2 protein chains.
Amino acid sequence: MSVTIKDVANEAGVSISTVSKIINGKGSISQDTINRVQETIRKLNYTPNSRAVSFAKQNTKNIIFLTSMKKNEPYLNPHMFEIMDGSYIALSDLDYTLSLMDISMKDGQESPVIQAIQSGCADGILVHGSAVTEETAKYIIDSNFPHVIIGSPSMDNQLCWIDTNHVLAGQCAAEHLLECGYMNIVFIGEKRTDFISNQRLKGVKKAFINHGLHLKAENIYSISSNISNARSLTKEILTDNPKIQAIICENNTIAFGVSAGILDLKLDVPNDIAFITFDSYPYANIIEPKPTVVDIDMFDLGFQAAQTLIRKIDNPLLLAQGYSTLPILKQGLTTKKGL
Amino acid sequence: MSVTIKDVANEAGVSISTVSKIINGKGSISQDTINRVQETIRKLNYTPNSRAVSFAKQNTKNIIFLTSMKKNEPYLNPHMFEIMDGSYIALSDLDYTLSLMDISMKDGQESPVIQAIQSGCADGILVHGSAVTEETAKYIIDSNFPHVIIGSPSMDNQLCWIDTNHVLAGQCAAEHLLECGYMNIVFIGEKRTDFISNQRLKGVKKAFINHGLHLKAENIYSISSNISNARSLTKEILTDNPKIQAIICENNTIAFGVSAGILDLKLDVPNDIAFITFDSYPYANIIEPKPTVVDIDMFDLGFQAAQTLIRKIDNPLLLAQGYSTLPILKQGLTTKKGL
DNA sequence: CTGAAAGCGCTTACAG
DNA sequence: CTGAAAGCGCTTACAG
């Protein structure tokens, strides 16, 4: 139905090989023929069928992005979609397309990761860390299929992965508070088992040590993070211990609750109490006053992951494991230098 | 490198046609051969190359989703990704894959919509309304390519589109307030040119008329929606006119500001003042007290759009234009019956 | 019931 | 500089 390379060849009076060579800029063709064929292409408004091209070339120029696609996921976990967005942009710059795939297991089916690899639909996969089980990890390594895991996998192995350095982010937040002159600092994090929360806490402790200080165990709180939990905990902490000068909020939800708790106590920010959090989204921008945040550019993380994957496709021996996308401090109105 | 239909045929001692027929359940094959071939498939762990299949069958079993993929888009417009999510789920149920494509124009290139159609990469496209210009609309119609526009296009034409009925949503919100017994009602919307805001306002007016009432022009406010604008406007309105009983907030950002403004005035919700908004995300769930919302299920909208598109592919004559996904009222704590 | 052959729309050695 | 032919991994009339 649509115009093919054959139509162009017929119309221009050459063979399809010649047309193909001109399109791909390969071989030596006389300028005359080139002009004629290009004119014909324009005239017929010919676009090569990209599936046929990729099929003949034996590459797909497609990457599959595997993540959780449950209902409400974009609302509950916007960061993942920001990462996807960054991956898309990097890939499209390199003339790759991006397909989506849900990681949730279905009865009687193989793991989606394995399906993605076996389908022959992609030259590589970008996989959210949570989708990687021992079984899939083994399959990925055995098949030697190009991949980048987003978020460092818990198991120790030869997978390629990329992540942000949450330890560094935690350190960055604590350094800032210490440099401002805050001494009595509290950390409120997600319940103890949460990986990211623990990493950030680790960084906070490191910063204390660097300053010859020590974050006391009683100043570390972990809650199941929702706004009202954080709000009431904040009131408790600040009432029981008025010497506290600053709070490190491990995520935006906690920061939102902390901010509300402070407001309840009618304390002034940052003079009576300061706080800092991580990530500019989803809530940091709507908290009053605008909080100081350690920001992690998720778009860039996705961008880096995609670029790493393409490098891996071009160079299968590459073992890429590491951190990219430095956390950066964005000064807001909830912390103040020179106490 | 990976195992092909040829390997299976060789191993099982049959022709590739036979293998193909068995895989697709076509033709009449003896149970004996079927068993033998299936055993071989299992043994070799053969999966058909889906690109080769789709190429031979001349369909792609792929849909392209065209939307804005700018940095921060998932944070600023999570609804679009929720729609995408719903589309993905519907498509994957029907054995279609989903590819992403950015709608922003690049210098010297055709419109992404036209590129998507010409690439031969997809059997159909799902397009965000904002990507549809007069030129692309014409191209889509002329090419007769299966498509569904998400959000009704402004131009009057033969495009297929699906949208939520914002008029109905507005009506639903106002009906609720009127049924609660609120009489003095204010509407705060986005600046006059915003399509959705206008539609919702239209519905509000309709509800008033249905109740033999009339929404006075001085009770309609339009602002460039950000939190502090909404907050200060709320204070102004309620100070100048203490008779106001309820506020309809056209979006979550406005609702957040309105809620803050009410708090500033130390008024009680819903006894002194009530309010209602649209959508449960991104902020409705973190506003205190939890607001009554007219919720629109964006996931379902995407789901419906995708199903409509597949119907359109199977039946090219179908002209689908209409509203789906009824808005539903979710009672919160910011409105109260029986005044 | 089974298989040889043409075809999907391209690319790419290879021959001339 | 140009083209005929094989091939990418399948499907699908068609013949037997």
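Me: Leaving aside its neighbours within four places in sequence, which residues is Asn157(A) in contact with?

Reply: Once the neighbours within four places in sequence are set aside, Asn157(A) is in contact with Ala137(A) and Ile141(A), where contact means that the C-beta atoms of two residues, placed from the backbone, lie within 7 Å. This is a predicted model, in which local features need pLDDT of at least 70 and side-chain atom pairs count only at pLDDT 80 or more, while totals for chains, interfaces and linings use all residues. Residues are numbered from 1 along each chain as its sequence is written, and chains are lettered from A and ligands numbered from 1 in the order in which they are written.

Me: OK, and where does Asn157(A) sit?

Reply: Asn157(A) is in the loop between strand E4 (147–150) and strand E5 (161–163) of chain A; strands (E, at least two residues) and helices (H or I, at least four) are DSSP runs numbered from the N terminus. Asn157(A) counts as partly exposed because it has 14 C-beta neighbours inside 10 Å, given that 20 or more other C-beta atoms within 10 Å make a residue buried, 12 or fewer make it exposed, and anything in between is partly exposed.

Me: What about Ser154(A), is it buried or exposed?

Reply: Ser154(A), which is in the loop between E4 and E5 of chain A, is exposed because it has 12 other C-beta atoms within 10 Å. Its C-alpha atom is 9.3 Å from that of Phe195(A), although the two residues are 41 apart in sequence.

Me: Switching to helices, at what angle do H9(A) and H10(A) cross?

Reply: The axes of helix H9 (residues 166–180) and helix H10 (residues 195–210) of chain A come within 6 Å and cross at roughly 45°, where axes are lines fitted to C-alpha atoms, for helices over the stretch in contact, and angles run from 0 to 180 degrees between N-to-C directions. H9(A) and H10(A) are therefore oblique to each other, since angles under 35 degrees count as roughly parallel, over 145 as roughly antiparallel, 65 to 115 as roughly perpendicular, and the rest as oblique.

Me: And how do H1(B) and H2(B) lie to each other?

Reply: The axes of H1 (residues 5–12) and H2 (residues 16–24) of chain B come within 8 Å and cross at roughly 105°, so H1(B) and H2(B) are roughly perpendicular. In that pair, Ile5(B), Lys6(B), Val8(B) and Ala9(B) of H1(B) meet Ile16(B), Val19(B) and Ser20(B) of H2(B).

Me: New topic: how many residues does each chain bring to the contact between A and B?

Reply: The contact takes 35 residues from chain A and 35 residues from chain B. On the side of chain A that touches chain B, the largest share, seven residues, comes from H6(A).
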